[in-house]
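Open the model in your viewer and keep the selection tool at hand. This tour moves from one stop to the next.

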Amino acid sequence: VSTRSVISVVRGRTGAGKETDCMRCMGCEAICSFTKEGEVNLGLSRIKIEPNELEWMEGKSSKIVTHRICHQCPGVSPCMKVCPVPYAIIRHSELGTVLIDDSKCTRCQLCIKACPFKAIWYDKRRDEVIKCDLCGGDPQCVKWCSVNVLHLEKIRSEPYFNE
Amino acid sequence: MSEWCGWAGKILRIDLTKEKIVETSLTKELAYNFLGGRGFNIKTLWDEIRPGIDPLSPENVLCFGVGPLVGTIVSLCCRFNVSAKSPETGILGDSNSGGFWGPELKFAGYDQVVITGKASKPTYLYINDDQIELRDASHVWGKNVPETEKIILKEVGDKNAKIASIGVAGENLVRIACVMVDIFRAAAWTGMGDVMGSKNLKALVVRGTNGVKVAMTKKLEELARLDRDRLMKNEFIQNQIGHLGTPLISDMTSEQGLLSWKGDTDVLLPEEIKSISGETYFKNYYVQLKGCFNCPVHCARYFEIKDGPFAGVRGSTGEFETIWLCGAHCGNLNLPSILKINNLCNEYGMNTISVGAAISLAIELYQAGIVTKKETKGTELEWGDYGTIIELIHKIAHREDFGNMLAEGHYNMARILGKEAERLCVHVKGLHRSSFWFMNYAWGLSLATSTRGADHLRGSMDTLMRPDICQKKWRSTDIADPFRTIGKGFMVPWGQQEFTLADCLGRCKCGVNMWEIACPMAGDAEDVVGEGRAATVSAATGLVMTPRDLEMVAERVYNLERAFIVREGITRKHDMPPWKTFNVPIPRGQLKGTIATEDAYDEMLDEYYKHMSWDLKTGIPTRSKLEDLELKYVADELEKNAPYPEWLGPPLHSEIA
C-alpha cells in the first residue's frame, strides 16, 4: 500500500497558453486514437474537443470550443463513487491517474453518466469503457499539441491509497 | 472488411434524377494511377462529361474526392476537392477546401462521391457510415449556410456530423457561388456551389465512425512526427503565418510592390496599407486561432468586431484574398467592413475573390463610362464605397437588379458588356488575378498555364524562386530572378506538379507550400526530390512508391486536366495573360514602370510546352506524351475530334445575354 499526494493530469493551460488559445484542430483526438488504437478514429479518442461556433457567432456562448478532458479528480472521484464493483476503478500508484480495470468492469456505464467533465466513453466496437490513462505518464496529446494549450500538470491532492 | 490501406476503398455514386444510390469498389487501376482527390475527380469528369455541355444542366457531373493521406495521422491532410464543369469559366471546375468534412468522408468509408442528374425537389445527401439517404431539403431551401447547418445538425441529431452546403447564392444559380464547409470554410473557386444549386442539392451531410487503416503504422507515425516537428519548429510558420494568418500576405505583397488597388489601375505601397495589414487585423479583431483537422500551422482565426458600425460581427477567417479583393481591389481600406463582407459572402455561400473581382471591375467600368446608371439601376459606383459594396453583395446573392449581372462573374459580365469591357477585364480562362502579378514571370506563367484559369493555388512560385532551391535543383541561381524569363518553362511545371500532388493526396498547400518547398512531408524542408513524401505515401498505402512514381501521377493528372480543357476549346492563345499585362505598367512603387511583353510570354510558353511535351502551336498534349502516361484513350479522342470549337466562356443566362 502506498500513500501519495500528487496527481498528474492533462489540462488546458492557464496563463501563457490559455484554453481559449485552442484552435480546435482535433490533433489531440487524432494522435490519441492513433496511439491507443493504431488508427485515427476520433470516436475512440480519450480526449474530446467540441465546437460551439454557431452559439458563439450568435452571441449565445463566450467559448468557441469546450474541452472534454479527464481531470483525474482528487480524492474519491465521481466515477469511483458510482462504480458498483470494488476496485474496478482505481488509481495508478505512481501517477495518481484514475484507471478502469477492464477485467473487473461490468460495462454498466454508470461512471460515464457520473463524470462531471463527460470524459469517459463507451467503445461499442470492442465493448469497453475507455478514458484517459495519461499514456502511462507521457501523454501524446500534450506532445502533439502545436499551440501548447495542453500540458501535463501535477496537482496536490489529499493523500490517497492504492493497492 | 476492405483490404485497402490509406484509401477507404469505396466510391459512392448518386443519381439524383433516379434517386439511385450505388456503392462501388475503388479499383486498383484508379487508385494507383490517380492517387485520389483531384486525380480521381478529373478521371471521372473526363470519362463522364461530354464536351460542350451546359455546366448548369443535369448532364454535369459533380465529384467530391479525398486523397489517401486524408484522415491519417500525417499533419495537414484534411483537404477534399470538388470538381465539375465550371459554370463560372466553362472549363474545368475544381475547388479545394480544408476543415473537417474531408476526413469525415474518409471515416465514413468513401474516397469519392460522384453526383449525377438533378433532383426533382430540394434534397440533401446524408451519409452515416454505410447508411446513405437522400432527404428532403425543402425546409432549408432559402436558408443561408449557418442556419442550414444548425437545422440539419439538429435534424440528424449528431453534433459531430460535418456539412458541406450551399447558401442562397448557390440556389439562385449565382455563377460565383461556392460550397461552404463547417460554416466558415469554402471550396470557393469556379462556382461549384452553383452546380450544387442546379442539381437541387442543398447539402452533403457526412458522419463517419470508422478509422482510416494504414499499412505501416509505426513507420507512418515516425514520418508523421518528423514532418510535424519540422512544421512546429519553423519560426516563420509558427510565429508569422500561424500567428497573423494570411492577412500577413497583404504586407508581403505590398512590399513586393504588387498589391493592386482600385482594380488593376494602381498599387498600394507598404505605408498605405496600415489599416488592412496583418498586424492591424491581429491587434483589433483577433479572438482565437482556428485550425483545420490535425493542423499544426493554424493559419485561420476567429474574429470579432467590438466597436463602430459593424460592432458585434463575429466570424472566422477573413483571408488575404478577401481583404485584397473585397478591400484594396475595390478601393476599400476599411477592415471592419471587409470582415462584414467576408461574413456575408460566407453566409450566402459566395467566393469572396470572384465577388471582389466582379464588383471592382464594375466600379472601374462605371468610372470609365462603360457601365452606366442604366445598367446599375441608378446606383452610383465609387471606389471604396463599402456601403454600396455590401448592398451589391445582397443583390448578387438574390440576383436582383445590377446584382443579376454581377452574379455572372466578372468575365461573363464583361462578355455581356461588350468588347471594351472584355479588354479591360483581367482574367485568364475566366478567372481573375491581378494583371500586375503577370509581370513577375514565374508567377505569371504559372497563373497563365493553370488548368482551371488564373490561379495562385495551382502552382506557387515563391519558394521555388529561392536562389538556394534553384541552385540545388537546377544548379543555377539565375532562374530565381522572377523578372527574367530564363528557366521559367521548367520551374513552373515543377511548382504545378507539387501542387497537383498535394491536391491528389489531400495535403494542404497554403500552410506549407507557399512558404516552404512544396509538400515535403518528413525529411528536410529542402528535399527537392520528394523522398520523404514518397516514403510517407508508401507507409500509408502499402504501395511502394518512388518520387518518380508520384511525379508520374502528377503529370498524368495535369495532362488529363489539360486534355479536358482542350476539349472545351482551350488553345495556346488562352494561355496568354490579359491585355492589361502588356499595356498598363505598374504605376508606382519599387516596380514602377515594369511591364511584361508578349514576346517574353511567347518564349516562356514555348519552353513550357517543350518541357511538357505539348504541341507548340496548339498547346495540346502530344500522343507520345499521353501514351507514356498510359492515357492512350485520351490521345485517341483528341485526335478523332480536334479541333474543338474555340472557348468563349460558359453559355450565358438568356435573360441577360
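A salt bridge here is a side-chain nitrogen of Lys or Arg within 4 Å of a carboxyl oxygen of Asp or Glu. By that rule, three salt bridges cross the interface of chain A and chain B. Bear in mind that the model is predicted.

**Stop 1: a salt bridge.** Select Lys213(B) and Glu39(A). Their side chains meet in a salt bridge, 3.4 Å from N to O.

**Stop 2: the side of chain A.** Colour helix 1 (27-37), strand 2 (48-51), helix 2 (53-57) and helix 5 (140-144) of chain A. Each gives two or more residues to the side that touches chain B. By class, that side has 18 nonpolar, nine polar and nine charged residues.

**Stop 3: the whole interface.** Now show both partners. Chain A brings 36 residues to the contact and chain B brings 42. About 3300 Å² is buried between them, with 59% from carbon and sulfur atoms. Next select Trp56(A), Met57(A) and Trp144(A): they supply 21% of the area that chain A buries against chain B, more than any other three residues.

**Stop 4: Asp266(B).** Go to strand 14 (residues 266-267) of chain B, where Asp266(B) sits. Is Asp266(B) buried or exposed? Its relative accessible area is 18%, so Asp266(B) counts as buried, the cut-off being under 20%. Show its surroundings: among the residues it touches are Trp261(B), Phe436(B) and Pro587(B). Then pick Arg588(B), whose side chain makes a polar contact with the side chain of Asp266(B) at 3.1 Å.

**Last stop: Tyr633(B).** Draw a C-alpha to C-alpha distance from Asp266(B) to Tyr633(B): 47 Å in space, and 367 residues in sequence.

Key. Residues are numbered from 1 along each chain as its sequence is written. Chains are lettered from A and ligands numbered from 1 in the order in which they are written. This is a predicted model: local features need pLDDT of at least 70, side-chain atom pairs count only at pLDDT 80 or more; totals for chains, interfaces and linings use all residues. Side-chain values use heavy atoms; hydrogens and water are left out. Helices (H or I, at least four residues) and strands (E, at least two) are DSSP runs, numbered from the N terminus. Buried means under 20% relative accessible area, exposed over 50%, partly exposed in between (1.4 Å probe, protein chains only). Contact means heavy atoms within 4.5 Å. A polar contact is a pair of N or O atoms within 3.5 Å; within protein, one must be able to donate a hydrogen and the other to accept it, and residues adjacent in sequence count only if both atoms are side-chain atoms. Buried area is the accessible area (1.4 Å probe) that two parts lose on being put together, summed over both. Ala, Val, Leu, Ile, Met, Phe, Trp, Tyr, Cys and Pro count as nonpolar, Asp, Glu, Lys and Arg as charged, and the others, Gly among them, as polar. Lists of a residue's contacts leave out its neighbours within four places in sequence.
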